[in-house]
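Here is a friendly briefing to read alongside the model. Please keep the viewer open as you go through the topics below.

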Amino acid sequence: MNVFKNLKRRFINYIYDSSIDIKDRSFIVFSLCVLVALFLAIPCGIIMQEPMMATVSTLIGAVCFSIYVGVSFAIKRIATARVVISLILVFIFLPMMFITNGGAYGGTPIWLLLGTIYISLILDGRMKWIMLFLNVVVVVATWLVGYYFPELITEYSRFGNYLDTIMGLLIVSAILFVLISFQANLFRREEAQKNIRRLFEQTATALVNAIDAKDKYTHGHSSRVAEYSKKIAELSGMTKTECEEVYYVALLHDVGKIGIPEKIINKEGKLTEEEYEVIKQHPELGAQILRGIDEYPNLSIGAHYHHERYDGKGYPDRLKGSDIPELARIISVADAYDAMTSKRSYRSAIPQQAVREEIVKGSGTQFDPKYAKIMQHLIDLDTEYQMKEKTEVRELSGRTDMLCRAMRAEISDGILVDSEKRKITLRFEPLDSVIDSGIPAMVLFDSLDGRYHDKEREVKDLCYFEYATIWFDGRNECTGARKIRVEEDKSKNENTGKGDQRYTYYEVEAVRVKDHVLIAIDDGTKLSRITVALPDSSRFAYIGLTGEQCYISEVSIEKIPGAVPDNYIMRIAPRISYIDVPAGDVPNVQIDGYRTASTKGIPLKGSLRLKFHTRSLPSARLIWHTAYVDIFSSDNGKPEGSSYK
């Protein structure tokens, strides 16, 4: 009895599961109705003394139908089964029933309705209309055969015809009743589920807002972790419903922090060991809060286990590897990523490349390697570093002015220089005591966080590298660059300058093409063009504004969309190449940035063995600065274009 109850429960859960295509669910309901009808028709045929051929054909059809539907359901090929069954129904089963069950004088005309009903409910798109047309053609052809070749039709007695027609009418009516009831009940359930879902979403949002209101340092953390977790789930191949579930489990993963004292959550600086032990209680508190939500049992699982580590050194239960629930393994990666990319009381957000490095290092120890790899891929796609805590950022870290008494005493955050022009405008004013000696300047550099550093530890940890210092009067000091060339155009009328003699307005344009940077400085009377040959094409380049004995104000930075052509900057130093060596079956290739170049596509047919030499460029500093193999498909055989996958 329990077996039948379990089967019934699984069947009902399946046909009302909104994550499954409604056509697939309707197919299962229809198939079950038809199977019941077929197996009931067998004893009815024996009672009415139908010819043995009719009874046997019905039995064979019912058995074959049962086996095929069962196998299709088990291997999840229901979409294919829908089309196959429609073909069998229209071209084989119904015509055979017509011939073996009395033709127009038996009950088969009623059964012929099943073809139309099936196609209308189960198929969709172009296939639906094609099969409806073919069904009409087959029905007409069947009737014509019965009319012109009556000897092919098995005849019944008048009494048999009468009962057969009544039974066919009853059975087809029963099938229609079940299908219509299923559809009506489905609509009611879906509407009720929408209402429940809206209530759940509002409740979850209220809980998250309560957490955010308590923890001033992690505002928006739960929402970001939910978004990242959902992206990981999508890339891992989960269904739409599973991804939605991951989202809400991740959204509420930190709900246990409601039970942690506020003075600990909002403490300035790092926690003591005793305070950290209190914080470690929040997974179990969260599980207790969410355990009573029977409709979403996985909510408590995500809250309970999201601080477990893949190597078994996490908390609270020290689970290891696949013993940790999959939801928690996904959330663990997303949670750690957001923690590193968000500002804390004791540090700023960590640079993106350093975050990626930590994800790579934690693969197999802190994180499930599968989901750590997906997180790395998301980071690689996020070239503008958008996946992080959003803060209001303006020029010069929230200001539009700088007071520079000594050179490098104050330097702005780095302004990225790439293949799209950056236009910087500012007003310069010398300090009163030294009107003739003040001058603005810029430092051209690279670092992981895009900021200037002069402390030895920070220079090392953040890979700070300085190319040059450039004063706005054209003077320069070359430190790490290969060469600098300055060109001046003094043909401008000196009366075209803006403002009075105390103020000077500067317009600066900066752009980069591979290993060359061009900076144009215009003060209204003179245009200076400074070309800088960088050591290579793989490092980034940032401009940090500074100066000496001056006040810089009204700073604005504008990005001009559209990359400049490769010949925009005249080369002043030869391109650094490491591939001028003998080549193999494909030309050598030098990759200066993440997938900025590649070899031509090599068709993969059967087995393929690749042998090649590789080396990291001198500027390589992170463990993923190495060779990749890209397995792809595209119309042009290149890893680019709309058809690339």
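Helices (H or I, at least four residues) and strands (E, at least two) are DSSP runs, numbered from the N terminus. This is a predicted model, where local features need pLDDT of at least 70, side-chain atom pairs count only at pLDDT 80 or more, and totals for chains, interfaces and linings use all residues. Residues are numbered from 1 along each chain as its sequence is written, and side-chain values use heavy atoms, with hydrogens and water left out.

**Overview**

- The secondary structure of the chain comes to 19 helices and 12 strands.
- Of the chain's 645 residues, 42% count as buried; here buried means under 20% relative accessible area, exposed means over 50%, and partly exposed lies in between (1.4 Å probe, protein chains only).
- Taking contacts with a separation of 6 or more in the chain, 69% join residues 24 or more positions apart; a contact means heavy atoms within 4.5 Å.

**Nonpolar cores**

- A nonpolar core is a set of buried Ala, Val, Leu, Ile, Met, Phe, Trp, Tyr and Cys residues joined through side-chain atoms within 4.5 Å.
- The largest such core has 41 residues, and those with the most contacts inside it are Ile232, Leu251, Leu252, Val333, Tyr337, Ile359 and Met375.
- Two or more residues of this core come from each of helix H8 (158–214), helix H9 (221–235), helix H10 (240–251), helix H14 (298–305), helix H15 (326–340), helix H16 (352–362) and helix H17 (369–381).
- H15 gives the largest share of this core, 8 residues.
- Beyond its neighbours within four places in sequence, Tyr337 is in contact with Tyr228, Val355, Met375, Ile379, Asp382, Tyr385 and Met387.
- Another core, of 37 residues, lies apart from the largest one and has Phe30, Ile119, Ile175 and Leu179 among its members.
- As background, nonpolar side chains tend to be buried together in soluble globular proteins.

**Helix pairs**

- For the geometry below, axes are lines fitted to C-alpha atoms, for helices over the stretch in contact, and angles run from 0 to 180 degrees between N-to-C directions.
- Angles under 35 degrees count as roughly parallel, over 145 as roughly antiparallel, 65 to 115 as roughly perpendicular and the rest as oblique.
- The axes of helix H2 (residues 22–47) and helix H6 (residues 113–122) come within 9 Å and cross at roughly 150°, so H2 is roughly antiparallel to H6.
- On the H2 side, Lys23, Ser26, Phe27 and Phe30 meet Leu114, Ile117, Tyr118, Ser120, Leu121 and Ile122 of H6.
- That H2 and H6 contact divides into 7 nonpolar, 2 polar and 1 charged residues, where Ala, Val, Leu, Ile, Met, Phe, Trp, Tyr, Cys and Pro count as nonpolar, Asp, Glu, Lys and Arg as charged, and the others, Gly among them, as polar.
- H9 and H17 pack with their axes 10 Å apart, at an angle of about 110°, and are therefore roughly perpendicular to each other.
- Lys231, Ile232 and Leu235 of H9 make this contact with Tyr371, Ile374, Met375, His377 and Leu378 of H17.
- The residues of the H9 and H17 contact divide into 6 nonpolar, 1 polar and 1 charged.

**Backbone details to check**

- Most residues other than glycine have a negative phi, and most peptide bonds are trans.
- The peptide bond from Tyr315 to Pro316 is cis, with omega near 10°, and Pro316 is found in the loop between H14 and H15.
- Arg318 also sits in the loop between H14 and H15; Arg318 has a positive phi of about 55° although it is not a glycine, and counts as exposed at 55% relative accessibility.
- Arg408 lies in the loop between strand S1 (402–404) and strand S2 (415–416).
- The phi of Arg408 is positive, about 70°, although Arg408 is not a glycine, and this residue is partly exposed, with a relative accessible area of 24%.

**Individual residues**

- Leu40 is in helix H2 and counts as partly exposed at 47% relative accessibility.
- Leu40 and Ile171 are 131 residues apart in sequence and 9.0 Å apart in space, C-alpha to C-alpha.
- Glu429, found in strand S3 (residues 420–430), counts as buried at 15% relative accessibility.
- Leaving aside neighbours within four places in sequence, Glu429 is in contact with Arg502, Tyr503, Cys550 and Tyr551.
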